[in-house]
Amino acid sequence: MELYNSLIHETEELLSKAAPSHSWDCRPGSEWHDLGSNELVLQKDAAFELGASGKGSANFVLFTSSADLVSKDQILLYGPDLSEIHGPVDFARIVLLRVGMLDDDSEMVYRTLKDIEFAKYHVYPEGYMVRISPESYREQVRISRQALKKGISFQSVGASYIRAYKKNANVLNATVIFVTSPVIDFKAMRDMAKKASDVTNTLTHILEGLPTDCSVCALKDVCDEVEGMKELHFGVGAKGTDKKA
């Protein structure tokens with residue numbers, strides 16, 4: 001699964017404007033307490049919000065089969081940790097996943113990627129209320145005062161996400177990246193989130209048998225920009241032609 005590799009490199013370039021303030025290897029047992037369902041954190045009980053209205057925000061997942069790009073389970077933080085934040089800040093959560101399948105059975109690619117991605121909707125850290133807007137590629141988080149007193153951190157929350165992603169046997173390694181640094185271009189991050197979504201959504205159209213005439217294809221821009229997309233498209237088209245013959 002190399003379709004997202006160029007997007008991973010572009011994301012790394014965006015993040016290069018700031019050095020990671022923290023880097024943690026993910027250790028079993030370091031996860032934050034999970035409530036098993038959504039918690040309502042009221043405004044009066046909140047310490048602050050991440051990615052709130054008026055602030056930059058982005059959320060996306062990128063996949064790869066390359067151990068060079070995702071070599072271990074880890075959490076990276078660009079900017080201040082939760083205990084160092086005292087008001088609304090820009091926020092992005094980016095997940096890089098190394099997967100060990102998808103190339104041999106093209107018909108399962110889209111479904112498998114979406115199943116893995118949906119793990120983000122099944123993480124419920126105590127005192128960490130998440131609101132995700134798929135249409136705008138934003139993620140907003142409200143942190144409770146009580147959770148701060150108990151020591152919640154991006155390390156423990158990131159470990160919770162990694163545990164959730166790795167429940168899927170196809171996920172070999174996961175890197176969760178939190179961004180709160182004001183020097184990062186959050187508009188570019190949101191554009192990257194849209195691009196990642198476009199790649200995943202293009203997969204399902206290809207597998208449904210789009211025409212292989214690039215001049216009439218509505219997804220030409222995505223194929224032109226993403227390395228390997230055209231090869232997948234024409235490979236699937238060729239298989240479909242063989243079946244009809």
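# Reading the core, sheets and pocket of a predicted chain

Reader: Which residues have the most contacts inside the largest nonpolar core?

Author: A nonpolar core is a set of buried Ala, Val, Leu, Ile, Met, Phe, Trp, Tyr and Cys residues joined through side-chain atoms within 4.5 Å. Here the largest one has 65 residues. Tyr4, Leu50, Leu97, Tyr128, Phe154, Phe178 and Val179 have the most contacts inside it. Helix 5 (residues 186–207) contributes most to this core, with eight residues. Helices (DSSP H or I runs of at least four residues) and strands (E runs of at least two) are numbered from the N terminus.

Reader: What should I know about the model and its numbering?

Author: The model is predicted: local features need pLDDT of at least 70, and side-chain atom pairs count only at pLDDT 80 or more, while totals for chains, interfaces and linings use all residues. Numbering starts from 1 along each chain as its sequence is written, and side-chain values use heavy atoms, with hydrogens and water left out.

Reader: How many helices and strands does the chain have, and what share of its residues is buried?

Author: Seven helices and eight strands. Buried means under 20% relative accessible area, exposed over 50%, partly exposed in between (1.4 Å probe, protein chains only). Of the 245 residues, 51% count as buried. Contact means heavy atoms within 4.5 Å. Among contacts in the chain with a separation of 6 or more, 86% link residues 24 or more positions apart.

Reader: What does Val179 touch?

Author: Skip residues up to four places away in sequence. Val179 then touches Leu15, Tyr78, Asp90, Phe91, Ala92, Ile94, Ile184 and Phe186.

Reader: What is the strand order in the five-stranded sheet?

Author: General idea: strands of a sheet pair through backbone hydrogen bonds, either parallel or antiparallel. Pairing requires at least two DSSP bridges between two strands. This open sheet runs 1-4-8-5-3, with mixed pairing. Strand 1 (22–25) and strand 3 are at the edges; each has a single partner strand, so one side of each lacks a neighbour in the sheet. From one strand to the next, the twist averages 10 degrees. Strand 1 and strand 4 run antiparallel, joined by four bridges. Trp24 stands opposite Ile75 in strand 4. Helix 1 (residues 5–15) packs on the sheet and touches strand 3, strand 4, strand 5 and strand 8 (171–179). Its direction makes about 135 degrees with that of strand 3. Such angles run from 0 to 180 degrees between N-to-C directions, with axes fitted to C-alpha atoms, for helices over the stretch in contact.

Reader: Where do the side chains of strand 3 point?

Author: In a regular strand the side chains alternate between the two faces of the sheet. In strand 3, Ser57, Asn59, Val61 and Phe63 point one way. Ala58, Phe60, Leu62 and Thr64 point the other way, and all are buried. Strand 3 spans residues 57–64. Its pairing with strand 5 (residues 91–99) is parallel, over eight bridges. Leu97 is the bridge partner of Phe63.

Reader: Which residues are closest to the centre of the second largest pocket?

Author: A pocket is an open set of points on a 1 Å grid over the protein atoms alone, where a 1.4 Å probe fits, with protein on both sides within 12 Å along at least five of seven lines; lining residues have an atom within 4 Å of a point. This one holds about 280 Å³ of space. Volume is the space filled by probe spheres set on the points, which are joined across faces, edges and corners. Of its 20 lining residues, Lys114, Glu117, Lys120, Tyr137 and Ser197 are closest to the centre. Helix 5 gives the most to the lining, with five residues.
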